[in-house]
Amino acid sequence: MRLMSLTISNFRVIRKARLSFPDRVIGIIGPNGAGKSSLVEAVSWALYGNQAARSGKDEIKSQSASGDDNCEVALEFGLADENYRVVRRLVGCSGRPEVSLYRNGAPECVGVLETKAYVRRLLGLDFRGFMTSFLARQQELNALSDLQPSKRRDHLAGMLGIERLDKAVNRVKEDTRLAAEKAAFMERQLAQSQEVRLRIEQLGESLEQLNSRKEVRATALKDAESVLKQAVSEFSKLQETRSTWLQREAKIEAEQTALTALDEQRENLTREAAELAASEADLKELENRLRDLPDIRASLERHKENKSKLTLRSGLELQAKDARQELQQTQQVIVANEDRIGAFETAVGRIPADIAERLQDHEAMLERAREEYSHLQGARMALDKDLRRLASQMEAIAEFGPDSVCDRCHRPLGDDLPAIRGHLEREQAQMTENLQSTASKLEAKLAEGNKLRGLVSELKKDTHARYEAVIHRDALSKENHSLQQRAAEISRRLASLDAQVSELAGQLDEIPFDQRVFDDLTARLAQLEEAESKRDRLTGSLTRKPQVEKGLQELQRKLKANRQSLDRLLAERESLNYREESYEAAATNLETTRGETESARSSLLTMSKEIELAQRELEIKREQRDSLKKLEVDLEETRGAHYYGEKLAGLFGEFRKHLIARIRPTLADLAGGLFSEMTDGKYSLVELDENYDLRVMDGGQFFGVERFSGGEKDLANLCLRLAISLALTDSAGLSRSFVILDEVFGSQDSERKGLIIKALGNLKNRFPQILLITHIEELRDQVEELFEVRPTGRGYSEVRVDGSVV
């Protein structure tokens, strides 16, 4: 697999870049945190999607991009004389994923899942295998020699993909265990076979006996139903006779009730006729008493009118008195309010009219002073924190000297220690000076704020006092206006009351009122009105006299017809010859016969249910018998699966040993060849022992890498790591591929670093493209091609090739 080009837009800290990859040793150089690793991550993200990212989807898109901008990476690579281009993007604000893959310029597949599966088939590697094959990091090199033997074996097994074989072995073992448990369960189930066969025989005999008893009960039910039919016939005839008898009985009772009611009506009408004759005499007497009624009513009406005027005059005089008192009180309040209004006018005049604007200006000045003070406090805290961090770094440098480790790349400082210490001291002095300056500004700003706070407090008091005076003045003025309107209204109402009192006084002088005459007229009128009411009632009742006489004649006729109908109904009832005792005896006989029939039917139904349940159980047992026969066949199959599972697990174990035995010599041969090339033939042979400890031949004898210098140890580990990549890419059919080395120089001195780069250039027959990621600036002139990654200070980084932004 060969990288051809990489185009980036808004990915991580890289806002825009387009790179071409020649077959050379390419250095990707820049300070820590600049985004060097983001270039490598962009390659793996284009191929494998979000699982290749170091964080969630929301952090993949560049923070400097706008919400509508897309995050996009396009990777071109060559494989087996074919050119491929994969384009992956996160679209817009939602970050919707899109991916497309092209082969030789033509679309090959579209979609996240489809492209993921296609890439895996094409390269023969999943994401983990891809990263192991093409990327080597300093942490991995350290792990190859620093881990305990058991952890080192696990680490290498994971890198080489052997752990997948271990998972397959565990899967086979688990399936074998489940087959054994399933066989044991089947054996327990088959133990029930004899019990099921015995139960089937018992159920067959029981069904024969039940069917015989069912026939006997069916005959008994047929006899009971015949007797019931006869009893029903007899009872139906008696029921019809009884219904006719009850109808006659009801009519007789109705006729007797009607006869009684007619007798009562006749007595009432006779009594009413006698009362009407007496009322005619009373009516003549009342007419004589009511001749003076119109004159008495007219005289009483005149006295009532005079009494009403007298009462009205007294009420009007009382209202006039209340109105005069209310008018006096209102005028007093008006005078008092005018004095208070003058006092508030004086208070308003003492305070300037623009007091509110002056308060607003001073509050704005105070708020600006607070913001500046808060900003200065934040700056002082940040400077203080940076000073403590620098002090801690300088203490660590003073304690460990050249062996101190860089807090970013975790490498010893070595010969760079004096320059770094001087840089840190200058930075500390500058920060101390900035901190003192910031403290002075804070004191001055605090004094300014206290002065402004006092002025704002005084202005607030004056503003509130003026506001209160204006509010009270306006409220009293509004109240006086309302009171003056009220006084005018009271004056008008008082004049009207005085006029009405004068008018009524003149009318009462013309017609005097006498209370004794008024009371006498009232009593006489009440007596005459009662007599008048009685006369009207008598007059109304006498109008019924013709109707009463006619009603008496009609009642005599109805009484005669009712008695004739009653005699006819009594004769018909006697002709039916019905007796209640006979009916009750027939009903009792019917209930008894019906009960016996229902008992016989219930007994037959119970027997049918028992037969049905027995037949159902027999069917279930037969099905169970058939299932057990099938279970015997399944048991044999399960036992076979268990046997062959154990055999397969053993074979997998032997295959794992064989595979590991083959991998160790292969890795040793590949690593030895690389180590010989990297050391110009000084060390030509290496081997891996059973613990995967790397051993190097020196002077005709193998020694562990811990015997050699730190640089030689790192170089040996690098060769072993490159050997693993070669083995993986060869097995995937990806010969002559690229490799990415991320901060692999470790503790190498300057000369050794140069030799490593030179040696890497000699590996082009194995790795045509070698990408070196490092923060070590001195290597920029030693690589064949240089990609510089530099922060811009505006939230993103730029990539430069030959000094130009790409």
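## Basis of the model

Because the model is predicted, local features need pLDDT of at least 70 and side-chain atom pairs count only at pLDDT 80 or more, whereas totals for chains, interfaces and linings use all residues. Residues are numbered from 1 along each chain as its sequence is written, and side-chain values use heavy atoms, with hydrogens and water left out.

## Overall form

The protein chain has 15 helices and 16 strands, where helices (H or I, at least four residues) and strands (E, at least two) are DSSP runs numbered from the N terminus. Its radius of gyration, taken over C-alpha atoms, is 61 Å, well over the 28 Å that the globule rule gives for 806 residues, so the chain is more spread out than a compact globule. That rule is 2.2 Å times the number of residues to the power 0.38. Along the principal axes, the C-alpha atoms of the chain fill a box of roughly 170 × 125 × 55 Å.

Among contacts with a separation of 6 or more, 75% are between residues 24 or more positions apart, a contact being heavy atoms within 4.5 Å.

## Surface and charges

The accessible surface of the protein chain comes to about 47,800 Å², of which 50% belongs to carbon and sulfur atoms; such areas come from the Shrake-Rupley method with a 1.4 Å probe. Of the 806 residues, 36% count as buried, that is, under 20% relative accessible area.

The chain carries 124 positive and 138 negative charges, and their mean positions are 2 Å apart. Lys and Arg count as positive and Asp and Glu as negative, while His and the chain ends are not counted.

## Nonpolar cores

A nonpolar core is a set of buried Ala, Val, Leu, Ile, Met, Phe, Trp, Tyr and Cys residues joined through side-chain atoms within 4.5 Å. The largest one has 51 residues, of which Met1, Leu47, Tyr48, Leu75 and Phe130 touch the most other members. Helix 1 (residues 36-48) gives the largest share of this core, eight residues. Apart from it lies another core, of 44 residues, which includes Val705, Ala716, Cys719 and Leu726.

Asn10 lies in strand 1 (residues 2-11), and its phi is near 60 degrees, a positive value in a residue other than glycine. With 7% relative accessibility, Asn10 counts as buried.

Arg12 sits in the loop between strand 1 and strand 2 (14-20). Phi of Arg12 is near 55 degrees, which is again positive in a residue other than glycine, and Arg12 is buried, with a relative accessible area of 12%.

Key: Buried means under 20% relative accessible area, exposed over 50%, partly exposed in between (1.4 Å probe, protein chains only). The place of a charge is taken as NZ of Lys, CZ of Arg, CG of Asp or CD of Glu.
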